[in-house]
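Here is a short report on one protein model. It covers sheets, helices and a few single residues.

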Amino acid sequence: MNLLFIGDVVGKSGCEFLMKNLYKIKKEYNIDVTIANGENSARGNGITKASAEDLLSFGVDIITTGNHAFRRKEAADIFDRECVIRPANYPDGCIGKGYRTFDFGRYQLAVVNLMGTAYMDALDNPFSTIDRILDEIDTPNIIVDFHAEATSEKKCMGHYLSGRVTAVIGTHTHVQTSDEIILNGHTGYITDAGMTGPELSVLGVMTEDALNRQRFKTPVFFRESENPSFLNGVVLEIDTKLGICTKITRLVIR
């Protein structure tokens, strides 16, 4: 199986760039399954029913999220859909599911969404959460989107799950890292897949707005950058009989 994981899709421009490029990427890399982190896909940030439906209509199969999953109150309904996942370490009783197992006929694929706790919201411990989840999953093909701020926490999770899952893909920082590796001959890993949105920006935001927030420490309305977009992600080649990642390739499309 060839799996495409797309880094955080940001706003209107990120969605439009994904729409224009996803088909040819899937064709070039012979992609079987596409996952995208969509927690910033709506204008202004967060995810809405409209932005989720846009991603799915472009050819995304599964949407993961993160700390902005519930930023927009109109997002609540979308987590009833099996293909939209929120971090699994939200408290019990929270709407939505933190992982799903998808049946593609010849193989099954489990997708788990976790959120880090270093410099993030005080959710349940992601390490104990994933231990519980792995006891419940009955397929060797397991992809983990670890939505976290600290590179150290992401590295720890990669090593913690080495040999236990197919891949650990970091999201949230919107900056693609160049540390892709296969851990223990089994688990594909990258600290952050990057983002899909305006390249000349500060994480998708107009540079002036972000700069003023940092300089003056006063509230600033963040506007989406109008500069040209790029797409970041990774392509994973997976042995579905063993649940092993045999190759991980960083992707940057301008």
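## A parallel pair inside the sheet

His-147 has Thr-171 as its bridge partner in β8. The strands concerned are β7 (residues 142-147) and β8 (residues 167-171), which pair in the parallel sense over five bridges. Two strands pair if DSSP finds at least two bridges between them. Helices (H or I, at least four residues) and strands (E, at least two) are DSSP runs, numbered from the N terminus.

This is a predicted model: local features need pLDDT of at least 70, side-chain atom pairs count only at pLDDT 80 or more, and totals for chains, interfaces and linings use all residues. Residues are numbered from 1 along each chain as its sequence is written, and side-chain values use heavy atoms, with hydrogens and water left out.

## The six-stranded sheet

β7 and β8 belong to an open sheet of six strands, in the order β5-β6-β7-β8-β10-β9. The pairing in this sheet is mixed. Its edge strands are β5 (99-103) and β9 (181-183), each of which pairs on one side only. On average, neighbouring strands are turned by 25° against each other, direction ignored. Axes are lines fitted to C-alpha atoms, for helices over the stretch in contact, and angles run from 0 to 180 degrees between N-to-C directions.

Two helices pack on the sheet. α3 touches β5, β6 (108-115) and β7, and its direction makes about 165° with that of β6. α4 touches β6, β7, β8, β9 and β10 (187-190), and its direction makes about 170° with that of β8. Contact means heavy atoms within 4.5 Å.

Buried means under 20% relative accessible area, exposed over 50%, and partly exposed in between (1.4 Å probe, protein chains only).

β5 and β6 pair in the antiparallel sense over five bridges. Phe-102 stands opposite Leu-109 in β6. The hairpin of β5 and β6 has four residues between the strands. Gly-105 in this hairpin takes a positive phi near 90°.

## Helix against helix

How do α3 and α4 lie relative to each other, roughly parallel or roughly antiparallel? The axes of α3 (residues 126-136) and α4 (residues 151-160) come within 11 Å and cross at roughly 25°. The two helices are therefore roughly parallel to each other. Angles under 35 degrees count as roughly parallel, over 145 as roughly antiparallel, 65 to 115 as roughly perpendicular and the rest as oblique.

α3 passes α4 in a right-handed crossing, with the near helix turned clockwise from the far one by less than a right angle. On the α3 side, the contact is made by Pro-126, Phe-127, Ile-130 and Asp-131. α4 contributes Glu-153, Cys-156, Met-157 and Tyr-160. These residues divide into six nonpolar, no polar and two charged. Ala, Val, Leu, Ile, Met, Phe, Trp, Tyr, Cys and Pro count as nonpolar, Asp, Glu, Lys and Arg as charged, and the others, Gly among them, as polar.

## Pairings of β11

β11 (residues 195-198) pairs with β2 (residues 8-9) in the parallel sense over two bridges. Asp-8 has Met-195 of β11 as its bridge partner. β11 also runs antiparallel to β12 (residues 229-239), joined by three bridges. There, the bridge partner of Gly-197 is Phe-230 in β12.

## Single residues

Ser-13 is found in α1 (residues 11-28). Ser-13 counts as buried, at 16% relative accessibility. Residues up to four places away in sequence aside, Ser-13 touches Pro-198, Glu-224, Ser-225 and Ser-229. Thr-246 is in β13 (residues 244-253). Leaving aside neighbours within four places in sequence, Thr-246 is in contact with Ile-182, Glu-237, Ile-238 and Asp-239.

Two loop residues have positive phi. Asn-30 is not a glycine, yet its phi is about 55°. Asn-30 is found in the loop between α1 and β3 (33-37), and counts as exposed at 52% relative accessibility. Leu-203 has a positive phi near 60°. Leu-203 is in the loop between β11 and α5 (207-216), and is partly exposed, with a relative accessible area of 44%.
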